[in-house]
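This report goes through selected features of one protein chain. Please have the sequence and the coordinates at hand while reading.

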Amino acid sequence: MKYLPFLDGKYSTAPALNAMAKADDAKNQFVFHLDEQYDTYINNKLNCRAEDLHKYYVEAELYEDTLAAINRQFVKQLVQEYPGDFVLSDCEEVYTLINKRTGITLQWNNDWKHIEHGLYGSLFDALCSQVQEDIAICQLDGDRDWLAAIHLSSPNHWAPSEKIGRPFNSVHAIVPGMEKLNQQYFKMLVTAVQKGPFFRFAWGISTDTRLNHHPVPPPGVDPIYWRGRRVEADDSKIYLRVERQTITGIPNCNAFLFTIRTFFYDTDELTVDEKKALFMAVEGMTSESLEYKGLTDKVEILRGRLL
């Protein structure tokens, strides 16, 4: 199944939260999507860790109770959704999770925070490293909200260090078209905590299928090559980059778990109608949105490539 959120021919930054329980597609009732590309995504996470874990994993005012509750929910989802891949057992308040895809075994005690493992710094870090999704934790407290943790190995031209500790309206201030929502977003966050879980989609155009597009390239890598998004009129590949995002509320901690799973689709493999809808959505973007998506002066090139 392909996720093509532009099929109405329109580009929108509206939240468009869909209740998982009402999803027609059974996979959209899952938080995590594990598939045949699992090894590619996990290896990308290992490469990010080898480069500099703190470039991709950051925390700010992460409450211990929230962290423990998030980890419990994380493990619950894994064993419910993929019982053939993840096996949980507990013995005398020591928990063991076996990842049958990799052979990795994780063990932790009843605090649900710390872990004894040479590769991972915490249970949360370890769990994030077992799935293809990137993970964030959003915390609410009174009239405040902030990103308390970001574990991001597939950044789409943004850095975790730029977003950590900031409220929703500040995190999304750079996104054209979200001005109205940013003025009254808090009610939406309360809904995210208290109801759901939800899923939604975001999308853009890419010229490669590299997962990691952190704005700062690894040492020794050419910045122009690393950035990508070089849409050309020749026959070089153009891809649709789609993010499936999920929100799972933890009401007792006034927080929610946010996941991002990245998918790539070769635009040459789209149907004629799908290509037409994609172009209509791009053509309908404002100049600000085109700039944000890296498509300034690329509309006519896309017309020639898609129509």
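**Strands**

The model is predicted. Strand S3 (residues 86–91) pairs with strand S4 (residues 94–99) in the antiparallel sense, over six bridges. Within this pairing, Leu88 has Leu97 of S4 as its bridge partner. S3 and S4 form a hairpin with two residues between them, and Glu92 in that turn has a positive phi of about 55°.

S4 also runs antiparallel to strand S5 (residues 105–108), to which four bridges join S4. Here Ile98 stands opposite Thr105 in S5. The S4–S5 hairpin has five residues between its strands, and Gly103 in the turn has a positive phi of about 85°.

**Aromatic pairs**

A search of the whole structure finds 14 aromatic pairs. The table gives the geometry of two pairs among them.

| Pair | Class | Centre to centre | Angle between planes |
|---|---|---|---|
| Tyr11 and Trp203 | edge-to-face | 5.7 Å | 85° |
| Phe168 and Tyr185 | stacked | 5.2 Å | 25° |

Tyr11 lies in the segment before strand S1 (18–19) and Trp203 in strand S8 (residues 198–206), so this pair ties together parts that are 192 residues apart in sequence. Trp203 is buried, with a relative accessible area of 7%.

The pair of Phe168 and Tyr185 links distant parts of the chain, 17 residues apart. Phe168 belongs to helix H5 (residues 168–171), while Tyr185 sits in the loop between helix H6 (179–183) and helix H7 (186–194).

**Second largest pocket**

The second largest pocket holds about 210 Å³ of space. Its lining includes Met1, Tyr3, Lys27, His33, Asp35, Arg261, Phe263 and Tyr265. By class, the lining has six nonpolar, two polar and four charged residues.

Notes
Residues are numbered from 1 along each chain as its sequence is written. This is a predicted model: local features need pLDDT of at least 70, side-chain atom pairs count only at pLDDT 80 or more; totals for chains, interfaces and linings use all residues. Side-chain values use heavy atoms; hydrogens and water are left out. Two strands pair if DSSP finds at least two bridges between them. On a 1 Å grid over the protein atoms alone, a cavity is a set of points where a 1.4 Å probe fits but cannot get out, and a pocket is an open set with protein on both sides within 12 Å along at least five of seven lines; lining residues have an atom within 4 Å of a point. Grid points are joined across faces, edges and corners, and a volume is the space filled by probe spheres set on the points. Ala, Val, Leu, Ile, Met, Phe, Trp, Tyr, Cys and Pro count as nonpolar, Asp, Glu, Lys and Arg as charged, and the others, Gly among them, as polar. Rings of Phe, Tyr and Trp (its six-membered ring) pair if their centres lie within 6.5 Å; planes under 30 degrees apart count as stacked, over 60 as edge-to-face and the rest as tilted. Buried means under 20% relative accessible area, exposed over 50%, partly exposed in between (1.4 Å probe, protein chains only).
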